[in-house]
Amino acid sequence: MTDRIPLNSLIQPHISTLTPYQAGKPLEELARELGLTDAIKLASNENPLGPSPLALAAIQENLHTLHRYPDSHAFYLKEDLSRHLGLSPSQLILGNGSDEVLDFLVRALVPPGGEVLSTDHTFLMYGLLTQAVGGVFRIVPLKEMRVDLPGLARAVTDQTRLILINNPNNPTGTVFLRQEWEEFLDSVPPHVTVVLDEAYIDFADDPLVPQSLAYVAEDRLLVGLRTFSKAYGLAGLRIGYGFGPSKLMDYLNRLRLPFNVNRLAQVAARAALTDQLFLERTLKVVFSGRTWICRELERLGLSYLPTQANFILIRVDRPGREVYEAMLREGVIIRAMEEYGFPYHIRVNVGLPEENQRFLQALTKVMGLNG
Ligand SMILES: *Cc1c(COP(=O)(O)O)cnc(C)c1O
């Protein structure tokens, strides 16, 4: 049948021109391709300590229930989360990763031709999800490598439905502060939903960085997004959530497939929320590793952006893709950044001290620097 009618004439144009999201290279793939078994991965901003031990225990305890469907409404997890956040369960939406909540938002709010505003040099999913619904993705340039909130507010048109931003911003690690955020919220017209993706908020130690939670209200179209993938160490389980006005959450909930958050993810997330010790250990490793890597980069004369996240954007002044390939051969997986609009940068996330050291050694060698 595809002989008679070319398939691409049947696929919607905004779908046929989509390119799949390029994830960080998995360790298993590098092992397969180069036979490297002692490689390290610092490419996807994952937790270097592994999963929360309390989450692991909860998973083990619940393995024997895997023949049962999950609770479609994740009643207990929502109860725990609502207590944790000081919101009502009706103000929450759970997703198969916070990526899925983004998908709900875009599908619920953006008609074909509707505009989504974001910035350049940001999380690639925002553009991909917009394109998938036939929306128009408009970007406002970063200003001094930071999200330009006044610029975003000025760029709003009658067609704008959503503003998608993250703070700290992936991949720059830069932040906007409370005062600019509050002025921005006040200047966004009421037909626009603002989504603040806080995947890395736990790693922001500047007290002036705003938290979306403090601004969520029933009469304001603001949604905060959080994930268990980074600070909580559960990226492989796929669970994240959003919070915002109950009425909007109710609409998003209608788009949700019945069992989008699996059983193990639900019990693991509940346990991880109580694992204060693990979170503290994570922050300690990230803060000290971040400081150490930055100091070493300075010693080597490499420039990087000051970061409030668990990753660092580094300028290498040569194609980042070449540095990435050469680092792979050293068994260190990092990220080339040309898709993010930085052809001469790499991004690395903070690992364990020995991983950070190995990264620095490999980078010194690959860049031909004097360590
Ligand atoms: C990692 C990341 C997420 C989290 O995605 P999950 O689907 O929850 O794993 C969301 N937003 C940004 C900007 C990220 O970098």
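# Reading the sheet and the helices

Colleague: In β6, which residues point one way and which the other way?
Modeller: In this predicted model, T193, V195 and D197 point one way from β6, while V194 and L196 point the other way, and all of them are buried. In a regular strand the side chains alternate between the two faces of the sheet.

Colleague: What makes β6 mostly covered?
Modeller: Strand β6 spans residues 193-197, and five of its five residues are buried. To be called buried, a residue must have under 20% relative accessible area.

Colleague: How do you know that β5 and β6 pair, and in which sense?
Modeller: Two strands pair if at least two bridges are found between them. Strand β5 (residues 160-166) and β6 have five bridges, in the parallel sense, so they count as a pair. One example is L164, whose bridge partner in β6 is V195.

Colleague: In what order do the seven strands of the open sheet stand?
Modeller: The order is β2-β8-β7-β6-β5-β3-β4, and the pairing is mixed.

Colleague: Why do β2 and β4 stand at the edges?
Modeller: β2 (92-95) and β4 (136-140) each have a single partner strand, so one side of each has no neighbour in the sheet. On average, and with direction ignored, neighbouring strands of this sheet are turned by 20° against each other.

Colleague: What is the sense of the pairing between β2 and β8?
Modeller: β2 and strand β8 (residues 240-243) pair in the antiparallel sense, over four bridges. In β8, F243 is the bridge partner of L92. As for the directions of the residues, L92 and L94 point one way from β2, I93 and G95 point the other way, and all are buried.

Colleague: Which strands does helix α9 touch?
Modeller: Helix α9 (residues 246-255) packs on the sheet and touches β2, β6, β7 (222-227) and β8; its direction makes about 30° with that of β2. Another helix, α6 (residues 124-132), lies across β3 (115-119), β4, β5 and β6, and runs at about 150° to β4.

Colleague: How do you know that the buried residues of α3 are on the same side?
Modeller: In helix α3 (residues 53-62), the buried residues are A55, A58, I59 and N62. They cover an arc of only 100° around the axis, which puts them on the same side of α3. An α-helix has 3.6 residues a turn, so residues three or four places apart point the same way. The face turned away from the buried side of α3 carries Q60 and E61, which are exposed.

Colleague: What covers the buried residues of α3?
Modeller: The cover includes α10 (263-274). The two helices, α3 and α10, pack at an angle of about 145°, with their axes 7 Å apart, and their crossing is right-handed. The contact is made by L54, A55, A58, I59 and N62 of α3 and by L264, V267, A268, A271, A272 and T274 of α10. The residues of this contact divide into nine nonpolar, two polar and no charged.

Colleague: Why is R154 called exposed?
Modeller: Exposed means over 50% relative accessible area. R154 has 63%, so R154 is exposed. The residue sits in helix α7 (residues 149-155). R154 and V140 are 14 residues apart in sequence and 9.7 Å apart in space, C-alpha to C-alpha.

Notes:
Residues are numbered from 1 along each chain as its sequence is written. This is a predicted model: local features need pLDDT of at least 70, side-chain atom pairs count only at pLDDT 80 or more; totals for chains, interfaces and linings use all residues. Side-chain values use heavy atoms; hydrogens and water are left out. Buried means under 20% relative accessible area, exposed over 50%, partly exposed in between (1.4 Å probe, protein chains only). The arc is that of the directions from the helix axis to the C-beta atoms. Contact means heavy atoms within 4.5 Å. Axes are lines fitted to C-alpha atoms, for helices over the stretch in contact, and angles run from 0 to 180 degrees between N-to-C directions. A crossing is left-handed if the near helix is turned anticlockwise from the far one by less than a right angle, and right-handed if clockwise. Ala, Val, Leu, Ile, Met, Phe, Trp, Tyr, Cys and Pro count as nonpolar, Asp, Glu, Lys and Arg as charged, and the others, Gly among them, as polar.
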